[in-house]
Every structure is written in structure tokens, then in C-alpha cells.
Amino acid sequence: MKKILMSACFLGQKVRYDGQDSLLEHPLIQQWKEEGHIVPFCPEVAGGLPTPRHPAEITTRHPVMVVNLIGEDVTPQFLQGAELAVEKAKEVGACCALLKSRSPSCGNRETYNGNFDGTLVPGSGVTAAELQRHGIPVFNERELDQLVEFMTMQEADVA
Ligand code: SF4
């Protein structure tokens with residue numbers, strides 16, 4: 001059975017920086033949960049950051065640097081979380097990931113610009129980028145149609 005690595009906050013786990021979740025209520029998610037497809041993971045918590053925590057943004061990309069709102073360098077925790085996400089994905093044989101958009105860890109297309117002024121810039125979060133680098137496609141919550149298409153193709157390959 002194909003597994004999907006999923007942002008734990010989508011599943012109601014209160015692991016966001018503000019101690020809240022980002023519950024994704026969708027019949028498909030419920031179905032995948034019941035069928036055992038879902039593997040929840042929060043890279044920031046796995047990387048050793050507490051909840052709640054100060055929000056953080058990517059300030060530079062090459063090399064990557066992540067700084068929180070009070071100026072602390074949290075890059076090591078973000079990198080550790082990304083590494084553990086890849087390990088987890090490989091361990092469970094995940095075919096892909098469904099991750100929260102715009103997060104400095106999980107965002108797959110854009111993140112905030114590092115100035116904490118609400119401006120988005122193109123580019124992936126640290127974990128999303130690492131998963132993609134290891135050949136694991138990452139979708140966000142607005143790309144469920146593409147994810148379904150991808151999963152259908154995966155199942156067809158198995159059949
Ligand atoms: Fe959710 Fe990812 Fe942020 Fe964890 S790091 S709270 S899984 S968006």
C-alpha cells in the first residue's frame with residue numbers, strides 16, 4: 001500500500017509554531033487515513049524545536065539559513081527535521097508527500113521572504129526541498145487533484 005508522508009498539523013496535531021493545528025478536513029484525507037496510506041510527520045518538532053515556538057523564515061537559500069522572529073538561528077533544527085523527514089519517507093516507502101503550503105519547512109512552492117513582512121517568494125521550504133532532492137514529489141493542500149492523479153498512476157503501476 002502506497003504511503004503519503006503528511007504534515008502532522010493537517011491531521012489535527014497541534015504542532016504549529018502557535019500551538020495550533022492546520023486540520024485539513026477532506027473526505028479523501030479521511031479515506032486515506034482509514035486505508036492506512038498516511039504517515040504524519042512534523043519536521044520542526046522532529047528537528048528538536050518546541051511547541052509553541054517563535055515563527056521562523058528562510059533568510060538565505062544558498063546556503064540555507066533560517067532565523068526566527070527574535071533573531072535566533074534555527075537552521076540546524078530545520079536541517080535536522082528535513083533529514084529525518086527523508087529518513088522517515090524512505091523507511092515507510094512513501095511515494096510522495098502532502099505538505100502545508102508556505103511553511104519554511106513544508107512549503108513546496110513559495111515561502112516568506114525572511115523579513116517577517118508577509119511577502120511570499122518562490123522556493124521550497126527546507127524539508128520540501130530535501131524530499132524533492134531525494135526524488136519524492138511534494139504536493140500542497142491546494143494540489144489534491146494532482147496528488148490524486150499521481151496516486152492513481154502509482155496504483156496502476158503496482159497493478
Ligand atoms: Fe505543520 Fe510542517 Fe509546520 Fe510542522 S513544520 S507545523 S508539519 S507546516
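Select the charged side chains to start: the chain has 14 positive and 21 negative charges, and their mean positions lie 1 Å apart. Positive here is Lys and Arg, negative is Asp and Glu, with His and the chain ends not counted; each charge sits at NZ of Lys, CZ of Arg, CG of Asp or CD of Glu.

A quick word on what you're looking at: this is a predicted model, where local features need pLDDT of at least 70 and side-chain atom pairs pLDDT 80 or more, while totals for chains, interfaces and linings use all residues. Numbering runs from 1 along each chain as its sequence is written, and side-chain values use heavy atoms, leaving out hydrogens and water.

Now switch to cartoon. You'll find 5 helices and 8 strands (DSSP runs numbered from the N terminus: H or I of at least four residues, E of at least two). Trace them along the sequence and you get β-α-β-α-β-β-α-β-β-β-α-β-α.

Zoom out next: the C-alpha trace spans about 50 × 30 × 25 Å along its principal axes. Colour by burial and 45% of the 159 residues come up buried, meaning under 20% relative accessible area with a 1.4 Å probe, protein chains only (exposed is over 50%, partly exposed in between).

Last stop: select T127, in helix 4 (residues 126–133). T127 is buried, at a relative accessible area of 2%. Show its contacts (heavy atoms within 4.5 Å): beyond neighbours within four places in sequence, T127 touches P43, G81, A82, A85, L99 and S105.
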